[in-house]
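Subject: Model for your files

Hello,

Here is the structure I said I would send, with notes on its helices and sheets below. Please look it over before you read on.

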Amino acid sequence: MYQRLFKAAVMLLACSILAVSCGGPKIATADEQMARGEFFDAANTYRKLYNKYKKADERKLRGQIALKMARCYSRINMTAKASAAYQNAIRYGAADSSTTLQLARSLHAEGKYAAAAKAYNDYLAQAPNCDIAKTGLIGARMAADKEHGKTRYVVKNAKLFNSRRADFAPMFFDASHDQLYFTTTNEKVNGTKRSEITGMKKSDIWHATKNERGEWNRPEAVEGELNSELDEGIVSFSPDGSTMYLTKARRELNANTGVEIYTSQRSDAKWSAPVKFEITADTLSSYGHPAVSPDGNWLYFTSDMPGGSGGRDIWRINLKERVGSLENLGEWINTPGDEMFPYVRTDSVLYFASDGHPGYGGLDIFRAELTKSGGWSVTNMGRPINSAGDDFGITFGEGESGFFSSNRGDGKGYDHIYSFELPDLKIIISGWVVDKDDEPVPNAIIRIVGNDGSNQKQVAKTDGSFSFPLQRGVSYVMLAGAKGYLNQKQEFTADDAEEDAEYGVDFVLASINKPQVVDNIFYDFDKATLRPESKQALDELAQVLRDNPNVTIEMASHTDRKGSDEYNLNLSSRRAQSVIEYLISVGIAPDRLQSQGYGESRPKMVTKRINKEYPQFDEGVTLSEDFILTLSPEDQEAADQINRRTEFQVLSIDYQMY
């Protein structure tokens, strides 16, 4: 709906207007209304004329009227009516060279992406070098993919600020974010006359404040001499809050509509009567949508003045040294379409609305970041910030939250204010700290350090569980330890996907007070040679020793009951030594390691963990030869397999390398 004044007025009829030499005061009146930018009144007049001329010999005239009516509806954002009128103009043979392009853009803004893409292609067949059509086609195809550009932003209608008419261009007053100014055409604004451009009452500037509970109060008109019977709106503030920059309509009898930038001064919470802000000596161009940079040095604004890229461009002027400082933001930002509603968040980040960059229809909101080379990197803010309708006039509060305007889903084209927020990503890592028998380790301490400088510490719960919040794209090192246990370290990186995630990691700590079985150690049959598949388990053991540099261990090997005592003792000794040699080969100091073969002399006692894997063996039972002989052949083999094992036992925890 903002188009009904601010966009329409800034245009100053950039497109050519068909001249119809059919005479008659009513057509002349409609043409004059359109020429002055009074699109609402002109559309109503053209509609009456369209319904009047229905005879067969009036088809061409009817088509010409439909084309003009379509252009008026486009200006006031009634896209469905505009599309129908463009199609009628084509049907009656009154289309000019740009009608198919305008139809494509109107269908695009309706969200009819397939039809829009066809119309863009039809136009490009006639004008293959048209950048606007090429960009529009890219945008229509992009928007047709419902998953394209989806973000985690949560958008809601800010109903408290919205009336039955148009409410748009929200702007926070200062960094406290407890006052919100916006433009409204609600029924309580000043003046009694309806706008010839919008058909609504002329806009005023209203604001809302927060109460002591941080809740928004109902909006009300700003105090002072700011608002008048003319249109005022689209504001920005100096960093100290003493000066408001605003857009104000320029209305002269029987003259084109335009807008200009004014300033108002604040005193005792009241605003003074606006004073025109002089930018250039050019009185034919329009200047609107002011945006003050955070440092107060620059005023960014929208204008159709000569020297731009086409349509309306974003410019800026130095507020400290105006003479000679006026500059266009260049081709990175500006296109042959319209760039409007700038918002300067930092000295290197700019937001603006555009229909000249690929988008989802109408105006989309874009984020531009200044690059090292002095150009701008421009990104569409995606869905749901942007829609098929016009999305514009963004302002940020705390973090990635704030307000913007949109006419999405409103068949009358009215703009409304929406809130947006980017919820924090819920990235969590959780797990358990247990011992080798799957029992919770009491008072286990977990530390997690990220390459972003974060450092967290936590004591596991009594059941051994823990949980940490993380940041996406960060690499972490975790260390778990407890009294009477060896430390264990793990490393991982949280991916950078824009979605919630939960990672799982468990720590199995080795006790320093009892032997610890090293699983998955394999030897060639009847030999002491380590098989290749043993490498992973031994590398993990080596890492445990690196994570606990003050520990020395005994590496022990055990056999089953088969074979003679002497043979088993010799075989187990050689196997234990093979493990020692491997650990030395990967960098473990030899004086931290001792080997010992026990043959079949130390049968394994069934632990809780073994009982879970082999429930046929009761916890606490020792798998001695006498016990094994009482079992079935299948269970005898299982018991022998359990006894064939490689273990390590901590000998000391005060080792120091000299």
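The angles run from 0 to 180 degrees between N-to-C directions, and the axes are lines fitted to C-alpha atoms, for helices over the stretch in contact. Helices (H or I, at least four residues) and strands (E, at least two) are DSSP runs, numbered from the N terminus.

This is a predicted model, in which local features need pLDDT of at least 70 and side-chain atom pairs count only at pLDDT 80 or more, while totals for chains, interfaces and linings use all residues. Residues are numbered from 1 along each chain as its sequence is written, and side-chain values use heavy atoms, with hydrogens and water left out.

Overall shape

The chain has 13 helices and 33 strands. Its radius of gyration is 38 Å, well over the 26 Å that the globule rule gives for 658 residues, so the chain is more spread out than a compact globule. (The radius is taken over C-alpha atoms, and the rule is 2.2 Å times the number of residues to the power 0.38.) The C-alpha trace spans about 125 × 65 × 45 Å along the principal axes.

Helix 6 and helix 7 (residues 113-126) pack with their axes 8 Å apart, at an angle of about 160°. The two are therefore roughly antiparallel to each other. Helix 6 passes helix 7 in a left-handed crossing, meaning that the near helix is turned anticlockwise from the far one by less than a right angle; clockwise would be right-handed. The contact (heavy atoms within 4.5 Å) includes Leu-101, Arg-105 and His-108 of helix 6 and Tyr-113, Ala-119 and Tyr-123 of helix 7. By class, this contact has nine nonpolar, three polar and two charged residues. Here Ala, Val, Leu, Ile, Met, Phe, Trp, Tyr, Cys and Pro count as nonpolar, Asp, Glu, Lys and Arg as charged, and the others, Gly among them, as polar.

The axes of helix 6 (residues 99-110) and helix 8 (residues 131-144) come within 11 Å and cross at roughly 25°. That makes helix 6 roughly parallel to helix 8. Leu-101, Arg-105 and His-108 of helix 6 meet Ile-132, Ala-133, Gly-136, Gly-139 and Ala-140 of helix 8. Four of the residues in this contact are nonpolar, three polar and one charged.

Sheets

Strands pair if DSSP finds at least two bridges between them. Four bridges join strand 1 to strand 21 (residues 416-421), and Val-155 has Phe-420 as its bridge partner in strand 21.

A second open sheet, also of four strands, runs 24-23-26-27 and is antiparallel. Its edge strands are strand 24 (455-459) and strand 27 (488-493). Strand 23 (residues 445-450) is joined to strand 24 by five bridges, with Arg-447 opposite Lys-457.

Strand 17 (residues 364-370) and strand 18 (residues 376-380) pair antiparallel over five bridges. They form a hairpin with five residues between them, and Gly-374 in the turn has a positive phi of about 95°.

Regards

Notes
Parallel < 35°, antiparallel > 145°, perpendicular 65-115°, else oblique.
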